[in-house]
Every structure is written in C-alpha cells, then in structure tokens.
Amino acid sequence: MQNQPSFQFFSGARAELPLLLGVAPFGMIYGILALEAGLSPLAAQAMSAIVFAGSSQFMLVKLMGIGTPALVMIFTGFVINLRHALYSASIAPHTLGLNRLWKGVLAYFLTDEAYAVAVLHFNADSPPQFKHYYFLGAGLTLWGGWQLSTAIGIFLGAQIPLGWGLDFTLALTFIALVFPVLRDRPTLFAAFAAGLTSILAGGLPYKLGLVAAALVGIVTGLLVERKS
Amino acid sequence: MSLIWLVMICLGILTFLTRLSFIGLFQRWKIPDLVKRGLRYVPVAALTAIIVPELLMPDGVLNLNPLNPRLLAGLLAAGVAIRTRSVTWTIALGMIAFWALRWLLGLLSM
C-alpha cells in the first residue's frame, strides 16, 4: 500500500495538517495588514496565490503602505525569498527524473512549511517511490490553509486581535519539526552553529542572516562529520 | 492600484524561478557527493536560523533576559517536541505557556 501514489499523497497531507495551526494566524494577520495597506480584497487574496511566501508578503504590504517604488518592492521581496534556492538544492536529489510539469508544480509549492515537512521525511526514511506525491499532498494542504486563512483575515478584518502574540506560532511550528531530528553530533553542531550565526548576523537586512546562518550550519555539519 | 498587481506578478515569477533553480539545474549536473552530504543539513540549519531570532530577538534586538517569555515557552516547547514528536501538542502547549508566562510576568512587573 505504501507504494500507492494516493497513499503517499494523503500521508503528506496528514503530516502537513497540524502545521496549519501555526500557519493560519499568519495568513489572517497578513489579510488584515494587506487591507490596512490599501490593497483591495481581490489583490490581497491574489498575492497569497501568486507570491505564496508569507514573509515577503508581509514585507510587501508594509512597503506598499509607506509608498515604496515598485522596483524596490520587487527587489526586496526577491532577496527575502532567496532562501528558497537553498531549499531547492536540498530537495533536488529527491526530484531527479521527474518531468517538467512535476518539477514546476513542486517548485511552486516549495514554501518553508511544505519543504520542511517533506525533506525531513525524505531524509529520515525515504519511501521507495512516489515521494513527489507526498510533497504534493503536503504542499497542497499548506496552500489551501494559506488561501483560506488569508480569506478569513480579509473577511474578519480588525475583529482578530493583533496583540495576542499569535506570531509566536511560527517559531513553535519549526521547533516541533527540528528538535526531534537533532539526534547525531554533526546535526546538533550544524543547528547550534546556525542558531549562533542567526543572532550574530541578525542585523543583516532582508533575512540574509538566515541564508548566512544556513551556510555556516552546513559547513559546520560537514566538518564535524569528517572528524567523527 | 495596478502597481501592486505588477509588483506581485513580477515577484511571483522571481520567487517561482528561485524555487525551481536547483530542482531544474541538478537534473543536468551530477550533484557532487560533498554537496549532497552538505545539503542534508539545510533543513535543520535553516529552520534553527528561523527559530532562534524569534525567541531571542523578537523586536530585532537581542533579549537574553532569562524572563523573556518567548525564550522560556520556546524551551518548554522543545521539550514537548522531543517527548511527543507531535506538532499539534508542541504548538498548543507552547502557546499556552507563552500566554501564561506573559500574564505572570505582567503581574510581577506591576
């Protein structure tokens, strides 16, 4: 049964589902902020489908609200989303041999949350076949949650309290994924080095600190691996 | 108003191409073994780099105060994650701890 595409699809969807608990507050807050920045409900919703990358969407509506030139907005969003190139490289060994349509679809779904669920599953115990269906199930679930929560934010607007610190769910979501896989020394050191760098490079703009931290984490992991 | 549409379509295309980049490229290049091993650290390194600033620099400034509710609730959530391996429990208990700590620390500072 594990070799059925549908089994993998629903496994991915089921693994992604609890993450919506962490993602939904963000979608709602984005919807509210987008309207406050002057976007029409249609534009606010369309951005969640076309860009489909939370942190750059937040930045975009913020820049929009203060009248930033279009080119600056595009460039800023592009740099914020550069981390996805790292995700692309990391998921690439699992997509070899797929046709162009599949690669395009999976690239569209390559968000922080779908990527994290899929790649941690692939790295742990790789199912023999149909990994792409697992990824599709996870990606589609996240996509649906993001669109729906954006719509709720647009619809309910200011009724949602911003002062509750609901943004903390993002950190909790990733804590839930990372800590259970910190099992061997190289991985522990990679995480520690990345965490430290993310603080030291915290002053870098556009989330570039994240990219720097990930690179330092990779190198550290490889060095520790070689020693042990 | 049409400006935002132009911005979102351009950014949508650029973001898609960024996400496609290595998925497309690695089909033609053979991935060197060292790179392949290094890439296994990407999820843990990148996600930790998202988590740590959320706990320690919520407002963009380093906050090493041991009574920082995000740090305390985050550590508790890490314990829950290791024990239960459940995303739902980690988010739920982490959020409850965060709210409880904020409330308690708010009482203390009054």
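**Notebook: helix 9 of chain A and the chain contact**

I looked first at the end of helix 9 of chain A. Gly157(A) follows this helix, and its phi is positive, near 55°. I note that the model is predicted.

Next I checked the length of helix 9 of chain A. The helix has 26 residues. From first C-alpha to last it reaches 37 Å, close to the 38 Å expected at 1.5 Å a residue.

Then I looked up a partner, helix 2 (residues 20–36) of chain A. Its axis comes within 7 Å of the axis of helix 9 (residues 131–156) of chain A, and the two cross at roughly 40°. I therefore call helix 2 of chain A oblique to helix 9 of chain A. The crossing of these two helices is right-handed.

Which residues make the contact? From helix 2 of chain A I listed several, including Leu20(A), Val23(A), Gly27(A), Gly31(A) and Leu35(A). From helix 9 of chain A they include Leu142(A), Gly145(A), Trp146(A), Ser149(A) and Gly153(A). I sorted the contact of helix 2 with helix 9 of chain A by class: 13 nonpolar, six polar and no charged residues.

Last, I turned to the contact between the chains. It takes 62 residues from chain B and 76 residues from chain A. On the chain B side, I found that helix 1 (2–28), helix 2 (33–39), helix 3 (42–56), helix 4 (69–84) and helix 5 (87–108) each supply at least two residues. Which helix of chain B gives the most to this side? Helix 1 of chain B does, with 22 residues. By class, the side of chain B that touches chain A has 42 nonpolar, twelve polar and eight charged residues.

Methods. Residues numbered from 1 in each chain as written. Chains lettered and ligands numbered in written order. Predicted model: local features only at pLDDT ≥ 70, side-chain atom pairs only at ≥ 80, totals over all residues. Axes fitted to C-alpha atoms, helices over the stretch in contact; angles between N-to-C directions. Helix = DSSP H or I, 4+ residues; strand = E, 2+ residues; numbered from the N terminus. Parallel < 35°, antiparallel > 145°, perpendicular 65-115°, else oblique. Left-handed = near helix turned anticlockwise from the far one by under 90°. Contact = placed C-beta atoms within 7 Å. Nonpolar A, V, L, I, M, F, W, Y, C, P; charged D, E, K, R; others polar. Expected span 1.5 Å × (residues − 1).
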